[in-house]
Each structure stands twice: as structure tokens, then as C-alpha cells.
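Hi,

Here is the structure I promised to pass on. Have a look at it first, and then read my notes below.

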Amino acid sequence: MHSPVDSPPHATGPGIALRVATALALPTVLLIVLVTASWDPLMALDGDIARTTHRWAVDDPDLTQAFRILTDWVWDPWTMRALIAVTVLWLVLHHGAWWLALWLTATLLVAGLLSQGIKAAVDRDRPVWPDPVDSAHFAAFPSGHAMTATVACGLLLWVLRLYGTGRVLWRIAVAVAVVSVAGVGFTRIWLGVHWSTDVLAGWLLGASAVALAVVSYARCFPPARST
């Protein structure tokens with residue numbers, strides 16, 4: 001037998017997560033370097049996408065308002081953090097999984113600090129429009145909304161996988177996670193408060209944070225072997 005405190009019943013090895021983290025490392029670092037250096041082709045692409053989506057946003061105020069509700073309430077970073085907080089309470093109260101709960105909390109905190117640190121270091125300006133449809137504060141790169149949603153959804157999927165959720169629920173959870181992560185990124189670009197590379201960086205950094213959390217947890221608390 002083994003305790004869910006140290007090893008959930010369906011814990012798996014860190015191999016896949018390690019490969020994901022390794023695969024994400026190069027594009028993540030490269031994107032940060034190119035944005036920091038204001039590489040002209042990338043900046044031009046960002047500008048083209050931003051101008052196009054902003055024109056759409058201005059022309060369709062009803063859809064823009066719907067996207068504001070989604071990004072400010074449904075996919076807001078505080079909503080994502082609340083979901084993780086509920087998950088942490090569930091792990092502790094129903095499974096006594098203190099270490100896993102701590103891992104989730106620490107991953108979310110570290111990801112937030114990393115996001116703020118990169119924002120301060122890169123200090124990228126947000127798009128500026130003569131007719132803005134929304135507003136946001138602080139530096140643009142990376143997108144905190146995109147990164148937080150990626151981390152939160154990734155952690156929730158990890159917990160569901162660890163505790164052996166059913167096939168139907170797993171597919172629903174994956175679909176909701178994909179829509180949420182992709183949707184929050186798109187709404188940030190549509191509303192003209194982020195460049196496309198801000199969102200891409202948020203996705204890459206968030207996925208990297210989850211992969212590294214899975215690897216480190218699996219190595220610290222390997223699943224008990226049957227005897």
C-alpha cells in the first residue's frame with residue numbers, strides 16, 4: 001500500500017513531462033530573446049496581427065463586449081487561482097495529499113513571480129490605439145492571463161490524471177482546458193491589450209512551469225511499487 005499524501009494512486013513517471021519541458025525550452029528562450037531584441041520581422045508580424053484584430057474588435061462591439069466578460073471574469077487570473085485553491089482544499093481534506101497540494105500552490109506562486117520578473121526585465125509596451133476597446137496595466141510581455149490559465153488548467157489536468165478520472169470526464173476536462181487557454185489568449189489580442197507574442201510567451205512559460213512541476217514531483221514522490 002501507499003499513502004496518497006506521497007503518491008496518488010495513478011501517479012506516473014516524469015518521462016513525458018521531462019520531454020515536454022525540454023522541447024519547450026528552446027522556443028521559449030528564443031522568443032524571449034527575439035522580443036527583447038525587438039527583432040524587426042517578429043515586431044512587424046505582431047503589428048499586423050494587432051491592427052487586424054483591433055479593426056475587427058471596433059467593428060463588432062457586441063462580440064468585443066462578450067470577450068471582455070470572458071477575459072475579465074471567466075478566464076481572469078484570479079478565477080484561475082480560485083480553481084487551484086479549491087483543488088488544493090479538495091486534495092487536503094479528501095485525500096490528505098499535503099505534498100501535492102503544496103506542489104500546486106508553489107507552482108502557481110513561482111509562475112506568477114516568473115511572469116512579473118520577465119515583465120519587469122523586458123518592459124515591453126502594450127499596444128496603443130486611438131480608439132481602444134479595453135485597457136490593461138503594467139508591461140505586456142508575457143501575458144499574465146495566458147500564462148496563469150495555462151498553469152491552472154495544466155495543474156488541474158495533472159490532478160485529474162493522477163487520481164484516475166473517467167474517460168468521459170477526462171475528455172471534457174481536456175476540451176474545457178484547451179478552449180480556456182486558447183480563448184483567453186485570443187481575447188487578449190482581440191481586445192488590443194497584448195501583442196500575439198505576449199500570449200505565445202504566456203503559453204510557453206505556463207506549459208513549461210507545469211511540466212517542470214510534474215517532473216520534480218514525480219522524482220520526489222515516486223509511485224509505490226506493488227509487491
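Asp48 and Arg51 make a salt bridge, with their closest N and O atoms 2.7 Å apart; the term means a side-chain nitrogen of Lys or Arg within 4 Å of a carboxyl oxygen of Asp or Glu. Both residues sit in helix α2, three residues apart, about one turn of the helix. Helices here are DSSP runs (H or I, at least four residues), numbered from the N terminus. In general, an α-helix has 3.6 residues a turn, so residues three or four places apart point the same way. Asp48 is partly exposed at 42% relative accessible area, and Arg51 is partly exposed too, at 47%. For the cut-offs, buried is under 20% relative accessible area, exposed is over 50%, and partly exposed is in between (1.4 Å probe, protein chains only).

Before going on: this is a predicted model, where local features need pLDDT of at least 70, side-chain atom pairs count only at pLDDT 80 or more, and totals for chains, interfaces and linings use all residues. Residues are numbered from 1 along each chain as its sequence is written, and side-chain values use heavy atoms, leaving out hydrogens and water.

The whole structure has four salt bridges. Two others share Arg124: one joins Arg124 to Asp46 (2.7 Å, N to O). That pair ties together distant parts of the chain, with Arg124 in the loop between α5 (98-122) and α6 and Asp46 in helix α2, 78 residues apart. The other joins Arg124 to Asp198, again with closest N and O atoms 2.7 Å apart. Asp198 is in helix α8, 74 residues from Arg124. So what do Asp46, Arg124 and Asp198 form by being linked? They make a network of salt bridges. Arg124 and Asp46 are buried, and Asp198 is buried as well.

Next, helix α7 (residues 167-190). After α7 comes Gly192, which has a positive phi, near 75 degrees.

Finally, the cysteines. A search of the whole structure finds zero disulfides (a pair of cysteine sulfur atoms within 2.5 Å). Cys153 is buried at 11% relative accessible area, whereas Cys220 is partly exposed at 48%.

Cheers

How values were computed:
Helix = DSSP H or I, 4+ residues; strand = E, 2+ residues; numbered from the N terminus.
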